[in-house]
Amino acid sequence: VSMDLKRLFRHLFTTHWRVNSAFSRRELIAIEEAVRMSHRAHVGQVRFAVEGALHIRALLKGTSARDRAIEVFSDLRVWDTEHNNGILIYLLLADRDVEIVADRGIHAKVDGREWEAICQAMEAHFRQGIGRA
């Protein structure tokens with residue numbers, strides 16, 4: 001198994017404290033309010049999930065942030081909406097990676113390049129210190 005040692009160490013040293021300190025209380029309230037406001041504008045279901053690091057077994061298997069986002073999408077049952085319009089915004093702190101997973105009702109209407117552009121913009125904000133992630 002080929003292993004990126006830098007990635008391994010980033011994941012091993014991303015502690016629960018790091019996850020808890022990634023966003024201030026004010027930032028969490030702003031995220032919660034943005035999700036709530038988005039629900040008023042459409043019938044989609046948006047979820048925001050943050051994980052600090054992958055488990056060592058996932059790292060050894062070579063699990064990507066995208067792979068994990070799909071697992072979380074399933075675990076949180078984001079897909080379980082009447083119109084198949086759930087969206088997960090997933091942040092993996094150790095990789096500083098944002099992934100968006102959209103259910104088939106949304107995926108059919110929004111091109112993957114649009115989701116990728118949103119992810120890249122969010123990652124750029126995190127690199128600048130917004131959310132301190």
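Mentor: Helices α1 (5-12) and α4 (56-61) each supply at least two residues of the nonpolar patch. This is a predicted model, where local features need pLDDT of at least 70, side-chain atom pairs count only at pLDDT 80 or more, and totals for chains, interfaces and linings use all residues. Residues are numbered from 1 along each chain as its sequence is written, and side-chain values use heavy atoms, without hydrogens and water.

Trainee: Which residues form the nonpolar patch?

Mentor: Leu-5, Phe-9, Leu-12, Phe-13, Ile-56 and Leu-60, with about 620 Å² of accessible area together. Helix α1 gives the most, three residues.

Trainee: Why is Leu-5 called exposed?

Mentor: Exposed means over 50% relative accessible area, buried under 20%, partly exposed in between (1.4 Å probe, protein chains only). Leu-5 has 52% relative accessibility, so Leu-5 counts as exposed.

Trainee: How do you know that β2 and β3 pair?

Mentor: Two strands pair if DSSP finds at least two bridges between them. Strand β2 (residues 86-92) and β3 have six bridges, in the antiparallel sense. In β3, Val-98 is the bridge partner of Leu-91.

Trainee: Why are β1 and β3 called edge strands?

Mentor: The open sheet has three strands in the order β1-β2-β3, with mixed pairing. Strands β1 (45-51) and β3 (97-102) each pair on one side only.

Methods. Helices (H or I, at least four residues) and strands (E, at least two) are DSSP runs, numbered from the N terminus. Patches are made of residues with over 30% relative accessible area and no salt bridge: like charges are joined within 9 Å, nonpolar side chains (Val, Leu, Ile, Met, Phe, Trp, Tyr) within 5 Å. Accessible areas come from the Shrake-Rupley method with a 1.4 Å probe; for residues, only the protein chains shown count as cover. A salt bridge is a side-chain nitrogen of Lys or Arg within 4 Å of a carboxyl oxygen of Asp or Glu.
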